[in-house]
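Here is a briefing on one protein model. Look over the structure first, then read the notes grouped by topic.

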Amino acid sequence: MGAATIRIRVINPDGGLTRDDLAFRERRLSKAAHPDTQISIVCPAKNEIPVDSMLDVAPDSGGILEMALAAERDAFDAVCLYCFNDPAIDACRERLTIPVVDGGQASILVAAMLGRSFSILTTSPRRVSQKRAFVRSTGVDASRLASVRAVPLPPGERRGVTLAAALAEQAKRCADDDGADVVVLGCMDFAGMAPEASARAGVPVVDPALVLVNMAELLVNQKLSHSKAARLFPPEREWWRDSGFPAAKTG
């Protein structure tokens, strides 16, 4: 008997993406997944906010939660948040019973397993302090963070030779100058660029986009999900009914 099909709903918090944009991401993630895994990506339809700060996350959170609830209602096996900021992750885990996997935390946990110290590459100098604070929220000892370095996205070039070369160079500096045993790509726009960066740096480079899907497959196959002893269902509120969200499961 063959392996059962796993259905994963991936939520990309950036609004305004076209169907072609989403299909490109689906194909990229599917290459890292088991052949029987089905990956479906959606993004907010009510706004076109690109998530580039915690301020951007605030108005996006309700839509993310709504899409996550719809995924559980539509019998998906897991939800993945396609963002290193892990937007609305706690709210999703409070309300859902299926696994909710976040790229940021999952990647940092993997990095902590692969080495004694790790660095993160992010997209802007203004996000360095945010990434340092984020590590503390993952449960990993922040003293293991060797550095956070910025690799700004080139104007008009989200994915290209210039960006890949800059990532590889900064990954090498993380290893040589900062003492990192492992490097984590701290943005989904860096997806697919880990092999070149790893070859240049001489240390493992973790791609959160791929870790996201593989971690979801692991949890589904092991029949594991986040503990409701840690994340109790929230009490019902009037605004939930006004917003059209379904009532919480209690069993």
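The aromatic count comes to 1 pair. Rings of Phe, Tyr and Trp (its six-membered ring) pair if their centres lie within 6.5 Å; planes under 30 degrees apart count as stacked, over 60 as edge-to-face and the rest as tilted. Phe-84 and Phe-134 form that pair, which is tilted, at 5.7 Å centre to centre and 50° between the planes. Phe-84 lies in the loop between β3 (78–81) and α3 (89–95), and Phe-134 in helix α5 (residues 128–137), so the pair ties together parts that are 50 residues apart in sequence. Both Phe-84 and Phe-134 are buried. Buried means under 20% relative accessible area, exposed over 50%, partly exposed in between (1.4 Å probe, protein chains only).

The model is predicted: local features need pLDDT of at least 70, side-chain atom pairs count only at pLDDT 80 or more, and totals for chains, interfaces and linings use all residues. Residues are numbered from 1 along each chain as its sequence is written, and side-chain values use heavy atoms, with hydrogens and water left out.

**Overall figures**

- The protein has 9 helices and 8 strands. Helices (H or I, at least four residues) and strands (E, at least two) are DSSP runs, numbered from the N terminus.
- Of the 251 residues of the protein, 51% count as buried.
- The accessible surface of the protein is about 11,900 Å², and 54% of it belongs to carbon and sulfur atoms. Areas come from the Shrake-Rupley method with a 1.4 Å probe; for residues, only the protein chains shown count as cover.
- Among contacts in the protein with a separation of 6 or more, 71% join residues 24 or more positions apart. Contact means heavy atoms within 4.5 Å.

**Nonpolar cores**

- The largest nonpolar core has 38 residues. Such a core is a set of buried Ala, Val, Leu, Ile, Met, Phe, Trp, Tyr and Cys residues joined through side-chain atoms within 4.5 Å.
- Val-10, Leu-29, Tyr-82, Ile-108, Phe-118 and Ile-120 have the most contacts inside this core.
- Helix α8 (residues 208–221) supplies the largest share of this core, 6 residues.
- Apart from this core lies another, of 19 residues, among them Ala-164, Ala-171, Leu-185 and Ala-201.
- Val-10 touches Leu-29, Ile-39, Ser-40, Ile-41, Val-42, Cys-80 and Tyr-82, not counting residues up to four places away in sequence.

**The open sheet**

- An open sheet of 4 strands runs in the order β6-β5-β7-β8, with parallel pairing. Two strands pair if DSSP finds at least two bridges between them.
- The edge strands, β6 and β8 (205–206), each pair on one side only.
- β5 and β6 pair in the parallel sense over 5 bridges. Ser-119 stands opposite Ser-147 in β6.
- β7 and β8 run parallel and are joined by 2 bridges. Val-183 has Val-205 in β8 as its bridge partner.
- In β5, 5 of the 5 residues are buried, so it is largely enclosed by the rest of the structure.
- Phe-118, Ile-120 and Thr-122 point one way from β5, while Ser-119 and Leu-121 point the other way.

- The expected span is 1.5 Å times one less than the number of residues.
- In α4, 9 of the 12 residues are buried, so it is largely enclosed by the rest of the structure. The buried residues of α4 include Gly-103, Ile-108 and Val-110.
- Helix α6 (residues 161–176) has 16 residues and reaches 23 Å from its first C-alpha to its last, close to the expected 22 Å.
- The buried residues of α6 include Leu-163, Leu-167, Gln-170 and Cys-174. The buried residues of α6 pack against β5 (118–122), β6 (145–150), β7 (182–185) and α7 (194–201).

**Two partly exposed residues**

- His-34 lies in the loop between α1 (19–30) and β2 (37–42). At 41% relative accessibility, His-34 counts as partly exposed.
- His-34 and Asn-214 are 180 residues apart in sequence, yet 8.5 Å apart in space, C-alpha to C-alpha.
- Thr-5 sits in the segment before β1 (6–11). Thr-5 counts as partly exposed, at 42% relative accessibility.
- Leaving aside neighbours within four places in sequence, Thr-5 is in contact with Asp-36, Gln-38 and Asp-77.
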